[in-house]
Protein chains: 2
Amino acid sequence: MSDSPTHMIKSYEQELKRLRNLLTEMGGIVENQVALAAQAVVEKDADAAIRAVEEDPRADALEREAEQFVIRLLALRQPVANDLRQIVAALKMTGDLERIGDYAANIAKRSIVLAEFSLPYSLTGLAHMFRMVQENLKLVIDAVGDNDPDKAAQVWRSDDVVDEIYTALFRELVTYMMEDPRNITPCTHLLFIAKNLERIGDHATNIAETVHYAATGESLPGQRPKGNTSAYAVIRPSNP
Amino acid sequence: MSDSPTHMIKSYEQELKRLRNLLTEMGGIVENQVALAAQAVVEKDADAAIRAVEEDPRADALEREAEQFVIRLLALRQPVANDLRQIVAALKMTGDLERIGDYAANIAKRSIVLAEFSLPYSLTGLAHMFRMVQENLKLVIDAVGDNDPDKAAQVWRSDDVVDEIYTALFRELVTYMMEDPRNITPCTHLLFIAKNLERIGDHATNIAETVHYAATGESLPGQRPKGNTSAYAVIRPSNP
């Protein structure tokens, strides 16, 4: 019985399910890394920072496991059409998830330096950006687990809001730096933290595009929405 | 005759060669984008900046073409073992190349703002970092074209030098910002330019790891060399 077509198909479906589970497990780890990084920055929580960094090898190990599994699936099952698209998509998404984990770990490292400074301003804007990115990340990992193109499209549409917050934050931080040179080191780290968050949002959007394509065979329409104009930002000191 | 095994094999080899050509063509485009971005920053050349940005859709289109080609190859040829590893590797490398193009375009955009400022210091350090990254990028694209693990290992080993230059540059730029608030905006863009360059170096290292693995079936040993400690940098103003 074990080699009957039904059994083969069943076991193939189980393998695809296992691949999806590897992805959502990896998603859960990086989601947790981002949550720990947020806690580390906003609450000056050094323990959270250390845990965010320590999770990184687990995400990397899952990426390698998923990759090996994909190669085995391709070799043994020789999938075509829809299945093949799903499997190649999984490979792409592990790459994005791995980068998200890297960025979260980098944010956590910077939070440790940041905690040495007493900041003369609140981190409300940054905390807001964290929440937005975390919501998108959660939603996109749900979209991966459910293979849901509509949820994916929702994430894709909201990335420009994250970009707009980033651009506003960028200007705000540069202004603080101009007001007092003692703000320069902490604000530089905050700039990079915000930039890393913005990249996490970008990778969530990449994943959304991949989920949508894998589920429907159709790309999301045209250029993705863009609200980040910080590369063109010119801010001049008020008292030169 | 057209369906004879020999013909099939020949045409399969041609397809693998075509895949490699797509990769090196994409590599050539992003290499050129980085060269244009360097010219834009160091020589304040706005035309070069515009050209670097305008090349981006070409790199993106080649990425999509390579992806479609990989999916077709997997479906029609159902490769195993060594061939499968090469094809999956190609897919991974297009992702890294696409990011390199993105970073080069971002550098080019920032150069346009930067050109509005008269900088009170030379860009020697940054120009040096550009040259190092460009050398590594050239070498790794050669390694892709020749499927050469030794060249790949050479790139992999030299990434820590790029990281060290980045860390030194980071400290230098923060110091300029502290000396005069008018330096803050241009130096912030320079910080992000340097960071983007460092990421380009990282992606070149990723590609090196992939080439090595695809060619030999072996990963490069242990952790990659790391010279970037800027996430932990604390620089205090000399006259607070």
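**Stop one: an alanine in chain B**

Select B:Ala214, which is found in helix 7 of chain B; helices here are DSSP runs of H or I with at least four residues, strands are E runs of at least two, and both are numbered from the N terminus. Before going further: this is a predicted model, where local features need pLDDT of at least 70, side-chain atom pairs count only at pLDDT 80 or more, and totals for chains, interfaces and linings use all residues. Residues are numbered from 1 along each chain as its sequence is written, chains are lettered from A and ligands numbered from 1 in the order in which they are written, and side-chain values use heavy atoms, leaving out hydrogens and water.

Is B:Ala214 buried or exposed? It's buried, with a relative accessible area of 3% (buried means under 20%, exposed over 50%, partly exposed in between, using a 1.4 Å probe and protein chains only). Now show what surrounds it: setting aside neighbours within four places in sequence, B:Ala214 is in contact with B:Asn82, B:Arg85, B:Gln86 and B:Ala89 (contact means heavy atoms within 4.5 Å).

**Stop two: along helix 7**

Stay in chain B and pick B:Asp202 and B:Arg199, whose side chains meet in a salt bridge at 3.8 Å, N to O (a side-chain nitrogen of Lys or Arg within 4 Å of a carboxyl oxygen of Asp or Glu). The two are three residues apart in helix 7 (residues 184–216) of chain B, so about one helical turn separates them. Both B:Asp202 and B:Arg199 are buried.

**Stop three: helices 3 and 4 of chain A**

Hop over to chain A and display helix 3 and helix 4, whose axes come within 10 Å and cross at roughly 170° (axes are lines fitted to C-alpha atoms, for helices over the stretch in contact, with angles from 0 to 180 degrees between N-to-C directions). That makes helix 3 of chain A roughly antiparallel to helix 4 of chain A, a label for angles over 145 degrees.

Next, select A:Arg18 and A:Glu65, which form a salt bridge at 3.7 Å, N to O. A:Arg18 sits in helix 1 (residues 5–42) of chain A and A:Glu65 in helix 3 (residues 56–77) of chain A, so the pair ties together parts 47 residues apart in sequence. A:Arg18 is partly exposed at 38%, and A:Glu65 is partly exposed at 36%.

**Stop four: across the chains**

Colour by chain and look at the contact, which takes 47 residues from chain A and 47 residues from chain B. About 4400 Å² is buried between the chains, 63% of it from carbon and sulfur atoms (the accessible area, 1.4 Å probe, that two parts lose on being put together, summed over both).

How many salt bridges are there between chain A and chain B? The count is two. Select A:Lys92 and B:Glu67 for one, at 2.7 Å, N to O. A:Lys92 is partly exposed at 33%, while B:Glu67 is buried at 14%. Then pick A:Glu67 and B:Lys92, a salt bridge with its closest N and O atoms 2.7 Å apart.

Key. Angles under 35 degrees count as roughly parallel, over 145 as roughly antiparallel, 65 to 115 as roughly perpendicular and the rest as oblique.
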